[in-house]
Number of protein chains: 2
Amino acid sequence: MKKGLTKICSRFFTNLANPTRLAALEQLLEKPMSVNELATALGQEQSMISHNLKPLLDCNLITIQKQGKKHIYTVNQETLQPIFAAIENHAQKFCPTGGKCLNGEN
Amino acid sequence: MKKGLTKICSRFFTNLANPTRLAALEQLLEKPMSVNELATALGQEQSMISHNLKPLLDCNLITIQKQGKKHIYTVNQETLQPIFAAIENHAQKFCPTGGKCLNGEN
DNA sequence: ACTTCATATGAATAATTATTCATTTAAATA
DNA sequence: TATTTAAATGAATAATTATTCATATGAAGT
C-alpha cells in the first residue's frame, strides 16, 4: 500500500461499509437500473436510495446516465469486481465458518 | 459478486472504514509489531490501538503471535494487498484529482 | 404554462461507531 | 508471591453516519 493512501481508503471504505449501499451495488451488478427500480427491488424508499447512491457516485463507484427523467446507474466493475473477489476469497479461506467476523448481526 | 455476500462485505468494509485502523494496517505492512510499538508509531493511546486491532483480528485481517508479554500483529497481505491495489488503481484512473471523493476532510 | 413523473435535497432524529479513561488480566521476573 | 510490563476490557461520552419525511428541482408531455 502506498503511503498516504489512508485518507482516500478511509472515504472509499466508508462508502462501501453500509448494507443499503452494498445491496444497491449487488442489485446494480445484475443490471444497471434507475432509482425507482432500485427502490422497488430493495423495498426501500426512493429518497433513501438517492441519499445512498450519492456517495457512491461521488466516489465513482457507480456512474450515472440520464435518460430523460430517468437516471440509470451502473456499477464501476473495474474497481469493484476485484475487491469483491478478494473478499470472497478471504471469506472462504480465512473465515470459512463466518466466525467472529459475522457474529452478531448487521 | 456472489449473492448474499452483502452481509460479510458490510462487516468487512466497516472494519476497514476507519482512519486509525487504516493507519495501523499501513504501519503493520511495513513490519509486524506489538501494540505499544504501534501506539508509539501512530502517536495514539495503547487502549485505542487495542480497541481498534480487535475487529481487524476478529475478521482475520491481521494475525496475532504472542511472544511472552508482547503480542505481535501481522497484516493479512493475501487479502489486503489486492484490495489496496484496486483502490490505488481506482484513485489514479477514476479520481485523478481527488474530486468529491476527497472533498471535505476525514 | 400546467401537470405528472423521476430524482434530489434538507433538516431533524435515530442509530451506530469511536474515543477516552479507569480497570483488569496475564506473562515474566525479582 | 509481589512487582513490573504489555495488552485487553468495560463503561461513559463524544462524534459520525443513517434514516425519515417533507419539500424542491427538473424533464416530458398536455
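**Notes on the predicted model**

1. Read along the sequence, chain A of this predicted model follows the pattern α-α-β-α-α-β-β-α, and chain A accordingly holds five helices and three strands. Helices (H or I, at least four residues) and strands (E, at least two) are here DSSP runs, numbered from the N terminus. The C-alpha trace of chain A spans about 45 × 35 × 20 Å along its principal axes.

2. On conventions, residues are numbered from 1 along each chain as its sequence is written, while chains are lettered from A and ligands numbered from 1 in the order in which they are written. As this is a predicted model, local features need pLDDT of at least 70 and side-chain atom pairs count only at pLDDT 80 or more, whereas totals for chains, interfaces and linings use all residues; side-chain values use heavy atoms, with hydrogens and water left out.

3. The sheet of chain A is an open one of three strands in the order E1-E3-E2, with antiparallel pairing; two strands are taken to pair if DSSP finds at least two bridges between them. Its edge strands are E1 (33–34) and E2 of chain A, each of which pairs on one side only. Strands of a sheet pair through backbone hydrogen bonds, in either a parallel or an antiparallel manner.

4. Within chain A, strand E2 (residues 62–67) and strand E3 (residues 70–75) run antiparallel and are joined by six bridges. Among the bridge partners found in E3(A) are Tyr73(A), which is paired with Ile64(A), and His71(A), which is paired with Lys66(A). E2(A) and E3(A) form a hairpin with two residues between the strands, and there Gly68(A) takes a positive phi near 60 degrees.

5. H2(A) lies across E1, E2 and E3 of chain A and runs at about 90 degrees to E3(A). Helix H4 (residues 46–58) of chain A packs on the sheet by touching E2 and E3 of chain A, and its direction makes about 115 degrees with that of E2(A).

6. In chain B, three strands form an open sheet in the order E1-E3-E2, with antiparallel pairing. E1(B) and strand E3 (residues 70–75) of chain B are paired over two bridges: Met33(B) has Tyr73(B) as its bridge partner in E3(B), and Ser34(B) stands opposite Ile72(B). On the pairing of E2(B) with E3(B), which is antiparallel over six bridges, Gln65(B) also stands opposite Ile72(B). In the turn of the hairpin formed by E2(B) and E3(B), Gly68(B) has a positive phi of about 65 degrees.

7. How are the two chains related? Chain A can be laid on chain B with an RMSD of 0.0 Å by a turn of 180 degrees and a shift of 0.0 Å along the axis, which is the relation of a two-fold axis. The superposition is by least squares on the C-alpha atoms of residues with pLDDT of at least 70 in both copies.

8. As to the interface, 51 residues of chain A are in contact with 51 residues of chain B. Since 100% of the interface residues of chain A are also interface residues in chain B, the copies meet through the same surface. The area buried between the chains (the accessible area, with a 1.4 Å probe, that two parts lose on being put together, summed over both) is about 5,000 Å², of which carbon and sulfur atoms give 63%.

9. Between chain A and chain B the count is two salt bridges, a salt bridge being a side-chain nitrogen of Lys or Arg within 4 Å of a carboxyl oxygen of Asp or Glu. One of them links Glu78(A) with Lys93(B), where the closest N and O atoms are 3.0 Å apart. Helix H1 (6–16), helix H2 (19–30) and helix H5 (77–94) of chain A each supply at least two residues of the side of chain A that touches chain B, and the largest share of that side, 15 residues, comes from H5(A).

Conventions: Contact means heavy atoms within 4.5 Å. Axes are lines fitted to C-alpha atoms, for helices over the stretch in contact, and angles run from 0 to 180 degrees between N-to-C directions.
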